[in-house]
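Open the model in your viewer and keep the selection panel at hand. The stops below go from whole chains down to single elements.

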Amino acid sequence: MNVAVLQFPGSNCDQDAFHLFASGLRVPTRYLWHKETALGAPDLVVVPGGFSYGDYLRCGAIARFSPVMAAVKEFAGAGGLVLGICNGFQILCEAGLLPGALIRNTSLEYRCQTCELKVEASTATFNPAAIGAAVRLPIGHGEGNYRIDEAGRARLEANRQVLLRYVDNPNGSLAAIAGVRSEQGNVFGMMPHPDRAFERFHPSQDGLAVARSVLATRFPELLRQAG
Amino acid sequence: MSAAAPTPPVPPAASALPANPDPLLNQPITPALVKQHGLLPDEYAVIERTLGRTPTLTELGIFSVMWSEHCSYKNTRVLLKGFPTEKKGPTEKFGKVLVKAGEENAGIIDVGDGWAIAFKIESHNHPSAIEPFEGAATGVGGIIRDIFTMGARPVLLTNSLRFGELDSPATKRLLRGVVSGIAHYGNCVGVPTVAGDIYFDRSYEGNPLVNALCLGTLRHDQIRRGAAKGVGNPVYYVGAATGRDGLGGAAFASKELSAESKADRPAVQKGDPFMEKLLIEACLEMMAVPGLVVGIQDMGAAGLTCSTCETASRGGAGIEIELDRVPQRETGMNSYEIMLSESQERMLVIVQRGREREIEAIFAKWDLHASHVGEVTATGRMVVRQHGILVADIPAPALTDEAPLYRREGREAPAMAALRAWTPAQLPDLDARGAQAALPRLLGHPTIASKRWIYRQYDHMVQHGTVVLPGSDAGVVRLRLGDRDRFIAISNDCNGRYCFLNPHRGALIAMVECLRNLACAGARALAMTDNLNFGNPYKPENFFQLQECVRGLAEACRHFDLPVVGGNVSLYNESPEGAIDPTPTVSVVGLIEEERHITRQFVTAADQRLILFGGAPTELGGSQFLGLVHGLKMGDAPAVDLGAELQLQNLLLAEIAAGHVAAAHDLSEGGLLVAVSEMLFGPERSFGATISLQGLGAPRLDALLYGESQGRALVAVRPGDAAAVLAAAAKGGVPAQVIGQVTDEPILAAETSALALRWAVAELRRGWETTIEEAMRRPGLST
């Protein structure tokens with residue numbers, strides 16, 4: 001098993017995502033520079049948080065053109081596991097790997113706080129039974145307000161593509177959506193940070209269960225090991 | 001008051017530098033032009049003597065920024081020599097000063113196992129007054145560069161802010177701009193803002209203070225110096241291109257703000273945190289290559305000018321550069337503009353000769369400029385050419401070590417003695433209604449109220465090392481040092497009100513409060529950095545405040561054996577209303593020996609006993625209570641007993657290590673009941689408490705409940721541990737009493753010999769939590 005954490009210019013949660021998997025879940029993990037064109041056969045690609053290219057245009061709008069993204073698209077198209085956190089979620093939406101878009105918080109301010117989230121029954125491994133009905137995860141974003149058109153929303157709900165919903169919506173997201181997956185169930189994106197919720201001194205350790213459930217899409221034995 | 005710069009013998013009259021084809025650069029140097037550059041006639045005479053000729057306009061500009069207070073510390077350097085820069089006590093395990101204050105961009109302290117921390121605080125007051133968003137943002141960017149230029153990876157930020165009263169629209173505009181500027185820069189660059197302090201007081205109206213601190217970690221062998229060495233070594237310019245922004249910012253920071261200051265807006269720089277992030281990564285990657293970097297310095301205040309002459313001067317060498325090779329983002333910039341630009345996110349790097357390709361490859365990877373602009377020479381001179389024409393040729397030390405030095409005259413304003421002599425004797429003591437009303441008022445004052453509206457806009461969790469989130473006495477961060485975790489705490493403090501009334505005591509209090517905060521978090525202090533924010537030093541009453549505050553800080557540092565690792569001086573903090581309250585902001589970093597010692601200010605269970613260390617508060621002078629309830633800024637600042645403070649810190653640390661302390665919080669602004677309330681406002685839930693103050697024997701009720709006597713702290717302990725804690729206090733010479741216990745029912749009940757008071761904690765908390773949010777609410781927007 002191996003996890004590849006992408007690094008774009010301006011990624012700044014790359015270390016956080018790295019340690020979530022390397023120290024938290026003890027999975028072999030490596031960084032992958034955005035100018036690479038080959039992924040090197042990872043089991044999971046993580047697109048971490050940050051401000052790729054400064055996010056001076058729409059968040060993630062430039063990162064989707066980075067050389068590595070062509071390989072990520074191909075990888076995802078072939079069923080490869082991809083997880084986008086925060087700016088990574090924005091990039092995956094911009095790249096068309098996930099539905100919807102993220103716009104400015106209704107407060108027009110950045111928000112860094114810990115949020116209560118409801119876990120949706122989405123996949124065989126990502127559901128309340130595997131993770132718990134509710135989790136607490138930090139957020140840190142100025143543009144986490146999830147938007148999608150009505151037809152798209154209906155499709156999301158019908159396919160159970162919503163992963164997480166805010167209990168107290170901190171950014172104005174439609175239907176309090178905090179995270180979604182692709183229809184095929186191999187690309188995951190979320191604004192909350194499981195990579196800030198795994199050390200014993202973090203506000204919670206729920207990030208471990210969330211990350212494990214994503215990995216378990218391909219390695220179901222992980223859930224059994226975790227009990 | 002006299003120029004102390006050495007007067008070199010007048011060399012034989014040399015002809016001026018060759019005429020410049022640009023008529024702008026060829027204009028005659030008139031007394032008016034000299035004055036416009038903020039230079040005194042005496043200072044100009046020294047320049048002519050040093051050069052042996054008339055300076056060019058470019059040279060005049062170079063001298064003016066290098067001899068500004070901001071770069072030269074000409075009015076303060078003499079005072080700053082009083083600070084201890086080394087630790088006297090044992091430093092085998094940690095605490096040794098590896099790079100001293102003033103040697104480099106930031107000082108460095110050993111934290112053990114071959115690792116070290118670099119940290120420093122710096123102000124961006126004037127730019128923030130004019131353009132709050134960019135001013136604050138570039139303040140953050142500048143201090144981050146000071147840290148990574150030392151070879152350290154930036155791991156945390158803090159800030160210390162001062163504004164006028166929050167009911168003024170101007171303050172709201174400044175606060176919103178400054179907070180979003182800090183957030184914009186710090187969040188994007190990916191360094192968590194983990195702590196801060198903020199005061200709202202009329203004296204800062206029109207002249208807010210924005211002090212930003214950065215701390216970074218590095219291995220001892222990664223320490224880099226800002227020195228140009230090795231004749232023939234290439235000099236590189238890396239990072240963003242140079243524009244016309246921030247022209248003469250250092251000189252602008254060295255004068256008073258006035259109605260015309262808005263015209264100085266071009267002197268405010270524009271920040272690009274994305275560029276900074278790339279620069280951090282590229283520079284750290286470059287510095288990790290053994291032997292590649294000879295010297296490195298950021299281009300902060302006075303930009304290319306300061307970085308070239310300072311590196312040359314430190315290295316005992318010269319530097320020659322050609323401005324045509326400097327990346328420029330505007331066309332037609334002349335040498336004056338390029339040399340004085342304070343465009344952000346630029347660094348000067350001296351590379352080992354023959355290894356040019358290595359640095360160029362690293363910067364190409366990060367898509368950044370790395371331009372070979374010149375060479376290190378043996379001449380000791382800073383030589384600048386543009387289009388091949390000589391535009392400046394100055395001995396480097398003349399700009400740095402030999403800059404003028406003054407000892408200004410300090411004389412206290414005559415009215416101060418009377419203000420200090422004021423006592424509350426004429427003031428009626430509190431009755432039941434007054435005592436009841438004062439607590440919610442104090443908790444609802446923005447200086448005391450929750451700062452959640454501010455810190456939730458800062459990413460305080462990135463790098464996943466933040467242990468104690470903003471809102472407790474000190475920020476606590478886990479440092480990942482190789483395979484080992486280390487925990488540090490950091491706290492900023494300074495109560496300008498105390499410093500106004502009694503500058504010496506006020507400075508002592510800033511230090512002891514910082515140290516108490518750290519002790520309450522379970523941390524032993526390592527070193528301090530300070531930001532001296534004062535008015536115009538040419539006014540004797542301002543210089544008096546400055547010298548008294550510096551004396552206080554130095555005295556406290558020596559008493560606690562705390563080295564000063566660096567800092568910043570910001571003078572001319574005046575608006576048309578007058579000077580700000582003197583504000584020597586102090587920031588201390590402490591080490592927490594074991595993870596289990598990390599302590600927060602919040603009580604954690606009902607029945608915990610509240611123990612007051614230090615005895616009943618008895619003073620009212622300079623208190624928030626006096627200001628808020630009686631509209632007075634009077635009396636003497638509270639007394640300080642450094643010996644008692646040390647005993648208190650030792651007691652707190654020992655009892656925390658013994659596992660007896662569930663929560664600890666120091667008494668500061670607002671006094672005893674405010675401190676109790678703050679302990680009850682837990683992040684997860686509120687508790688109540690029943691307090692009995694009958695046994696404390698205080699002469700005045702207002703001073704007991706709301707006075708700000710120093711050397712006090714509250715701890716919450718399990719009922720079974722109370723006896724042991726009281727015994728330890730007795731042994732440690734610290735007065736201690738159980739004053740109450742924590743209750744599940746969220747009611748705060750306090751009994752004195754005269755009164756019984758009761759508050760619903762939910763109501764107290766609502767006022768405390770929403771004051772700033774409500775003031776800053778924008779119509780039509782949800783929070």
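**Confidence**

Start by colouring by pLDDT. The model as a whole scores ipTM 0.97 and pTM 0.95. Select chain B: its mean pLDDT is 93, and 95% of its residues reach 70 or more. Now select residues 1–14 of chain B, where pLDDT stays under 50. For this stretch the model has 25 contacts beyond four places in sequence. Where pLDDT is low, the predicted coordinates should not be read in detail.

**Chain A**

Seven helices and eleven strands make up its secondary structure. The C-alpha trace spans about 40 × 40 × 35 Å along the principal axes of chain A. How does the radius of gyration of chain A agree with that of a compact globule? A compact globule of 227 residues would have a value near 17 Å, and chain A has 16 Å, so the two agree. Of the 227 residues in chain A, 59% are buried. Among contacts in chain A with a separation of 6 or more, 75% are between residues 24 or more positions apart.

**The sheet of chain B**

Go back to chain B and select the strands β8, β10, β7, β11, β9, β12 and β13. In that order, these seven strands form an open sheet with mixed pairing. Which strands stand at the edges? They are β8 (293–298) and β13 (389–395) of chain B; each has a single partner strand, so one side of each is left without a neighbour in the sheet. On average, neighbouring strands of this sheet are turned by 20° against each other, direction ignored.

To find one pairing, pick B:I321; its bridge partner in β12(B) is B:V384.

**Helix α7 of chain B**

Last, select residues 132–148 of chain B, which form helix α7. At 1.5 Å a residue, its 17 residues should span 24 Å, and the end C-alpha atoms are 25 Å apart, which agrees. Is α7(B) enclosed or open? Of its 17 residues, 17 are buried, so α7(B) is largely enclosed by the rest of the structure.

Technical notes. Residues are numbered from 1 along each chain as its sequence is written. Chains are lettered from A and ligands numbered from 1 in the order in which they are written. This is a predicted model: local features need pLDDT of at least 70, side-chain atom pairs count only at pLDDT 80 or more; totals for chains, interfaces and linings use all residues. Helices (H or I, at least four residues) and strands (E, at least two) are DSSP runs, numbered from the N terminus. The radius of gyration is taken over C-alpha atoms; the globule rule is 2.2 Å times the number of residues to the power 0.38. A residue is buried if 20 or more other C-beta atoms lie within 10 Å of its own, exposed if 12 or fewer, and partly exposed in between; C-beta atoms are placed from the backbone. Two residues are in contact if their C-beta atoms, placed from the backbone, lie within 7 Å. Two strands pair if DSSP finds at least two bridges between them. Axes are lines fitted to C-alpha atoms, for helices over the stretch in contact, and angles run from 0 to 180 degrees between N-to-C directions. The expected span of a helix is 1.5 Å times one less than its number of residues. pLDDT is the predictor's confidence in each residue, from 0 to 100.
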